[in-house]
Amino acid sequence: MTTSDSFPSGVNFRVLFESAPSPYLVLKPDFTIVAVSDAYLHATMTNRKEILGRGIFEVFPDNPDDPNADGVRNLRASLERVIDLRVPDTMPIQKYDIRRPESEGGGFEERFWSPVNTPVFDADSTLIHIIHRVEDVTEFVHLKEHDGQQLKETEELRDRAEKMETEMFLRARELDGANQKLRTANERLALTMQELESFSYSVSHDLRAPLRHVQSFADLLNNDPENSFSESSKRYLTIVMDSSKRMGTLIDDLLAFSRMGRAEMQQTHLNMSEIVKEAIREMAPEAQGREIVWEIGPLPEVRADRSMLFQVWSNLLSNAIKYTRRQELPKIQVGHEQKQDEYVFYIRDNGAGFDMKYAPKLFNVFQRLHRQEEFEGTGVGLANVRRIINRHGGRTWAEGKTGEGATFYFTLPT
């Protein structure tokens, strides 16, 4: 799940997750917070709106007054083990102080936690989220520390500690069972998605042959010098030919979308500036005869699949060229910013723009915000962009205003 993606229709899974009795946090592979349970917010004295979309170590830094604080280092090491080994990682009890809100006096409050970090995979076996689950064991640690000093006065507290140990053991068993169920669900989901991809590819591929027959015979009829079609019949034949060509384009795009989800990634170090320049050169015919003002800022090197990243830039830049077609002075800007552990790339234009209430539809297959008569297209390009960036552990979104242009963003881990 992401902050912009919807949950499956029919059941409000977000409400179920947020009201879960245990403290849970959902992270992207770049350690950005995308979901949090109410129990976690209560335990850490935080607010959902203030932490969603931010890095976990930005929200929860080490206590600057504790020279021995190592919570950030230990948690980062555990999360990286989850990414590298692709298995859950149970951490020993950690001292990780929590920052108090200003309304509670500010500063840091001493806390001890028992954390477990669990990977979540998509249909392509790509790690898309990490579930960070904790138990606040501060009271338990304090009881153990003071037990020897207050032997006579802490009989009842020792009894509570034993109960807590038992409860932690039972919770650990429950968590292990839940992890097993999660792994089984992931395997079933992966199988279902593979079957869906194969079905989509097969149907699209099988449609090509009859469509070619329609196009061939329509061309023969249209070019037959002996035909005596009426004007209306010729018009109908033209509609058939145009519609079959559009359907062919749709099928080709659907096949490309299906292949993109199954293609193996070959990640290397890439010069983003060179890829952008190459994409602009390739699209020169689309901009022929137009005086487009290009503003290309410096871009960093990244580690990614070259052919996939080239497809991302080609789709986004092609859209910018297309939707500035009616501007007397078209302008397209390309740049980036570095935020924490990710690069944020953007493509900004002064073209047709769009209404922000339709923004959630932009990256879905076959979703278009403009009529075919206004701007050509099939609605698959942006869906491909999101699929590629998701596979690289990044995010995609867009901002715009009708008649005033649009900006498309995507991120890649640093």
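Student: Why is Arg306 called partly exposed?

Tutor: The relative accessible area of Arg306 is 35%, and the scheme calls a residue buried under 20%, exposed over 50% and partly exposed in between, with a 1.4 Å probe and protein chains only, so Arg306 is partly exposed. The model is predicted, with local features needing pLDDT of at least 70 and side-chain atom pairs counting only at pLDDT 80 or more, while totals for chains, interfaces and linings use all residues. Residues are numbered from 1 along each chain as its sequence is written, and side-chain values use heavy atoms, with hydrogens and water left out.

Student: What makes the contact of Arg306 with Glu278 a salt bridge?

Tutor: The closest N and O atoms of Arg306 and Glu278 are 2.7 Å apart, and the term asks for a side-chain nitrogen of Lys or Arg within 4 Å of a carboxyl oxygen of Asp or Glu, so the pair qualifies. Arg306 lies in helix H10 and Glu278 in helix H9, so the bridge ties together parts that are 28 residues apart in sequence; the helices and strands named here are DSSP runs, numbered from the N terminus, a helix (H or I) having at least four residues and a strand (E) at least two. Glu278 is also partly exposed, at 27% relative accessibility.

Student: How do you know that the buried residues of H9 line one face of the helix?

Tutor: The buried residues of H9, which spans residues 272–282, are Met272, Ser273, Ile275, Val276 and Ala279. Seen down the helix axis they fall within an arc of 165 degrees, so they line one face, the arc being that of the directions from the axis to the C-beta atoms. The face turned away from this buried side carries the exposed residues Glu274, Lys277, Arg281 and Glu282. Among the elements that cover the buried residues of H9 are strand S9 (267–271), strand S10 (293–296) and helix H10 (306–323).

Student: What makes Asn271 a cap of H9?

Tutor: A side-chain oxygen of Asn271 lies 3.0 Å from the backbone nitrogen of Ser273, at the N-terminal end of H9.

Student: Is Glu18 itself buried or exposed, and which residues is it in contact with?

Tutor: Its relative accessible area of 18% means that Glu18 counts as buried. Leaving aside neighbours within four places in sequence, Glu18 is in contact (heavy atoms within 4.5 Å) with Val36, Ser37, Asp38 and Arg48.

Student: How many aromatic pairs are there, and why is the pair of Phe345 and Phe410 called stacked?

Tutor: The count comes to 10 aromatic pairs. The centres of the Phe345 and Phe410 rings are 5.1 Å apart and their planes stand at 20 degrees, so the pair is stacked: rings of Phe, Tyr and Trp (its six-membered ring) pair if their centres lie within 6.5 Å, and planes under 30 degrees apart count as stacked, over 60 as edge-to-face and the rest as tilted. Phe345 in strand S13 and Phe410 in strand S15 are 65 residues apart.

Student: What makes the pair of Tyr346 and Tyr409 tilted?

Tutor: The angle between the planes of Tyr346 and Tyr409 is 55 degrees, at 6.5 Å centre to centre, and this angle falls in neither the stacked nor the edge-to-face range. Tyr346 lies in strand S13 and Tyr409 in strand S15, so the pair ties together parts that are 63 residues apart in sequence. Both Tyr346 and Tyr409 are buried, as are both Phe345 and Phe410.

Student: How do you know that S12 and S13 pair?

Tutor: S12 and S13 run antiparallel and are joined by 8 bridges, whereas the rule asks for at least two bridges found by DSSP, so the two strands pair. Lys339 has Glu342 in S13 as its bridge partner, and Gln340, in the hairpin of S12 and S13 with 2 residues between the strands, takes a positive phi near 50 degrees.

Definitions and conventions: Polar contact = N/O pair within 3.5 Å; in protein donor to acceptor, adjacent residues only side chain to side chain.
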